[in-house]
Amino acid sequence: MAYPYQITSLEQYHNDYKKSVEDPESFWGAIAENFEWRKKWDKVLNWNFTEPKVEWFANARLNITENCIDRHLKTMADKPAIIWEPDNPEERTRTVTYARLHKRVCQFAQVLKNNGVKKGDRVCIYMGMVPELAYAVLGCARIGAIHSVIFGGFSAQSIADRLEDANVEFIVTCDGAYRGGKDISLKSIIDDALIGNKTVKRVIVYTRTRTPVSMIKGRDVWWEDEMLHAEDQLELNATFNFPAEEMDAEDPLFILYTSGSTGKPKGVVHSSAGYMVWTNYTFVNVFQYKPGDVFFCTADIGWITGHSYIVYGPLSAGATGVMFEGIPTWPTAGRFWDIVEKYKVNTLYTAPTAIRSLMSYGLDPLKGKDLSSLKVLGTVGEPINEEAWHWYDEHIGKKKCPIVDTWWQTETGGCLISNLAGVTPAKPSWASLPMPGVQPILVDEHGHEVTQKDEDGLVKGNLCIKAPWPGILRTTYGDHERYRTNYFATYENLYFTGDGAFKDAEGNFRITGRVDDVLNVSGHRIGTAEVENAINMHAGVVESAVVGFPHEVKGQGIYAYVIMNQKHGDDEQSKKDILQTVTRVIGAIAKPDKIQFVTGLPKTRSGKIMRRILRKIAEGETKNLGDTTTLLDPAVVEEIQKGKL
Ligand code: PRX
């Protein structure tokens with residue numbers, strides 16, 4: 001498969017960027033010609049950020065799975081689409097060719113149909129990293145059902161909230177999942193999430209760990225039985241095909257929940273056509289993918305990175321991707337390097353947290369590992385510090401692999417700001433230049449563009465985007481007003497990212513982190529309000545305030561200040577109870593790293609918690625806490641400082 005839209009020189013990047021901004025419709029219209037459509041668009045783009053409304057490839061008809069699978073069958077049916085590496089390195093690996101992927105996705109689409117799933121229905125997927133997860137996602141897309149994948153680390157309560165928000169009737173899960181040698185009982189978590197649920201009609205259970213599970217008559221069915229039955233049905237048809245549903249360009253493809261400033265995660269909705277074009281275009285260009293390359297994205301499909309760069313981007317480009325069930329440090333901290341060597345991986349795409357964590361093991365795990373297949377390295381999810389960048393460059397890339405620092409968000413569908421591997425210059429810990437079609441702007445708190453350079457020669461401000469790119473989210477599920485207020489109401493006529501950034505004289509961007517009440521812990525987005533709500537559910541807690549603090553490995557850690565009215569047992573016991581409560585309510589990923597018991601919180605006279613002060617204390621600042629005179633009780637600050645952990 002050739003990619004005529006692949007940018008191969010810096011000059012071409014500048015030309016394409018210019019074209020994309022001056023005439024986005026003809027630029028993206030020409031790129032969209034490289035996909036399979038049942039019907040082409042009437043208009044490339046309709047938009048306004050006030051309503052807000054964004055429509056790409058209006059009235060075009062397509063099915064994304066025909067672009068990700070069927071169109072490759074003529075020329076590369078036997079090419080591996082997914083190479084699966086199990087958690088346990090002793091276990092058999094699996095290679096799924098495009099032909100096999102087609103077969104399994106068709107079969108699973110038939111399973112969904114047999115179980116009553118129709119176009120537009122929401123299907124929740126809660127599985128470990130097995131190829132069946134990709135079949136489930138693509139099976140939904142094939143029949144036009146909207147998938148909502150939930151990361152395996154979320155608790156029953158989190159799942160229950162998401163099921164309710166999206167009015168989900170169908171679930172696909174596993175008995176259990178293997179991660180780092182542990183067996184996580186996913187089905188039993190689903191069972192807890194379903195207590196009291198009245199909408200879910202069917203749960204399809206794939207067998208991975210053979211953990212005993214309760215199967216409820218009339219509701220729960222086994223994946224394997226259903227697939228066999230579907231196989232029999234499809235075998236009657238000579239091509240073993242399940243015809244793909246014809247979708248409108250703007251029909252929702254999936255919902256993915258992510259955290260914001262409020263306590264309730266929002267269901268980010270992505271479209272069919274724009275998302276497809278964007279993930280494919282960014283995949284081919286950022287990573288400079290060449291036919292035959294082996295691409296290894298270490299993310300979980302439960303996050304946007306897995307959706308875009310394990311499933312839709314690579315498959316739509318006909319690429320071969322490695323899908324890894326386990327974690328980087330099990331059974332040894334050399335696991336990624338074993339995988340790179342075993343499959344001759346050409347591109348490795350991972351998170352700064354993983355790099356920092358592997359760095360902490362020193363160079364021993366790298367001894368004797370052949371990493372010579374690597375051509376491109378990538379990072380995503382959080383700012384990468386220079387030390388980690390150089391370690392990655394020197395010890396993994398051996399100074400011959402460009403590193404792409406890709407900045408993007410669940411909402412953006414794919415990379416927005418990133419260097420293009422080996423084509424545009426890399427700058428350690430700078431995401432660098434915007435992708436064609438992306439117009440970043442830095443604004444002050446009133447929304448005015450900042451143009452003034454500070455003493456470092458940098459422009460600093462809040463990062464916004466001026467116009468839509470094809471992969472922008474289209475709404476937040478069931479609440480379009482929330483979409484407007486979250487992204488388009490802070491600054492008039494701009495999409496606000498929630499991030500702060502610097503810009504240098506060459507136009508490179510460095511993302512400094514969130515400026516709202518959202519934390520980025522190990523590259524996972526967690527709202528402070530969400531964690532506070534969870535802590536406050538503990539019976540002994542009166543009030544709490546959560547802030548981030550710099551953490552060597554995770555990038556950011558969670559610091560909780562908690563007022564208790566009663567403790568059962570000592571402080572340590574109470575802390576454990578609180579951690580258990582957070583694990584129950586959100587999941588282990590949201591557990592605070594530090595809990596400090598306090599008798600009061602710094603509040604303004606109107607009762608607002610001054611997080612700025614708490615953040616500074618958590619960061620270890622002792623003097624410059626800013627103005628504390630407007631506080632209701634300034635003495636509380638001193639007490640909190642004394643008790644700092
Ligand atoms: O703060 C930015 C940070 O991660 C946030 C988005 O998180 P999420 O929606 O979970 O998506 C993560 C995977 C795309 C952003 O608002 N972020 C992401 N990539 C980078 C980054 N910060 C700095 N540099 C990056 N490369």
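**Entry 1: ground rules**

I am working with a predicted model, in which local features need pLDDT of at least 70 and side-chain atom pairs count only at pLDDT 80 or more, while totals for chains, interfaces and linings use all residues. Residues are numbered from 1 along each chain as its sequence is written, and side-chain values use heavy atoms, with hydrogens and water left out.

**Entry 2: domains**

I looked up the domain assignment, which lists domain 1 (10-412), domain 2 (440-514) and domain 3 (522-642). Such bounds come from an automatic or database domain assignment. Between the C-alpha centres of domain 2 and domain 3 I get 28 Å.

**Entry 3: the cores**

Which residues touch the most other members of the largest nonpolar core? They are W37, F57 and Y312, in a core of 167 residues. A nonpolar core here is a set of buried Ala, Val, Leu, Ile, Met, Phe, Trp, Tyr and Cys residues joined through side-chain atoms within 4.5 Å. Buried means under 20% relative accessible area, exposed over 50%, and partly exposed in between, using a 1.4 Å probe and protein chains only.

I then listed the contacts (heavy atoms within 4.5 Å) of W37. Leaving out residues up to four places away in sequence, W37 touches A32, F57, A60, R61, L62, A273, M276 and V277. There is also a second, separate core of 29 residues, with L371, L374, L377 and W391 among them.

Helices (H or I, at least four residues) and strands (E, at least two) are DSSP runs, numbered from the N terminus. Two strands pair if DSSP finds at least two bridges between them.

Is β6 buried or exposed? In β6, 5 of the 5 residues are buried, so this strand is largely enclosed by the rest of the structure. R122, C124 and Y126 sit on one side, V123 and I125 on the other.

β6 (residues 122-126) pairs with β7 in the parallel sense over 4 bridges. V123 has H147 as its bridge partner in β7, and I125 stands opposite V149. To get from β6 to β7 the chain passes through helix α6 (residues 131-143), and this β-α-β crossover is right-handed. Right-handed means that, with the strands pointing away from the viewer, the path from the first strand over the helix to the second runs clockwise.

β6 also pairs with β8 (residues 170-174), again parallel over 4 bridges, and V123 faces F170 there.

On β7 (residues 146-149), I146 and S148 point one way, H147 and V149 the other, and all are buried. β7 and β14 (residues 252-258) are parallel partners over 2 bridges, with H147 opposite F254.

**Entry 4: a sheet of three strands**

Next I found an open sheet of 3 strands in the order β28-β29-β30, with mixed pairing. β28 (541-551) and β30 (594-597) are the edges, each with a single partner strand, so one side of each has no neighbour in the sheet. The twist averages 25° from one strand to the next.

β29 (residues 555-564) and β30 run parallel over 4 bridges, and Y561 stands opposite Q596.

Where is I586? I found I586 in the loop between α17 and β30. I586 counts as buried because its relative accessibility is 6%. I586 and F154 are 432 residues apart in sequence, yet 5.9 Å apart in space, C-alpha to C-alpha.

L614 belongs to helix α18 (residues 611-618) and counts as buried at 0% relative accessibility. Beyond residues up to four places away in sequence, L614 touches A545, V547, Y561, L601, P602, I609 and I640.

How values were computed. Axes are lines fitted to C-alpha atoms, for helices over the stretch in contact, and angles run from 0 to 180 degrees between N-to-C directions.
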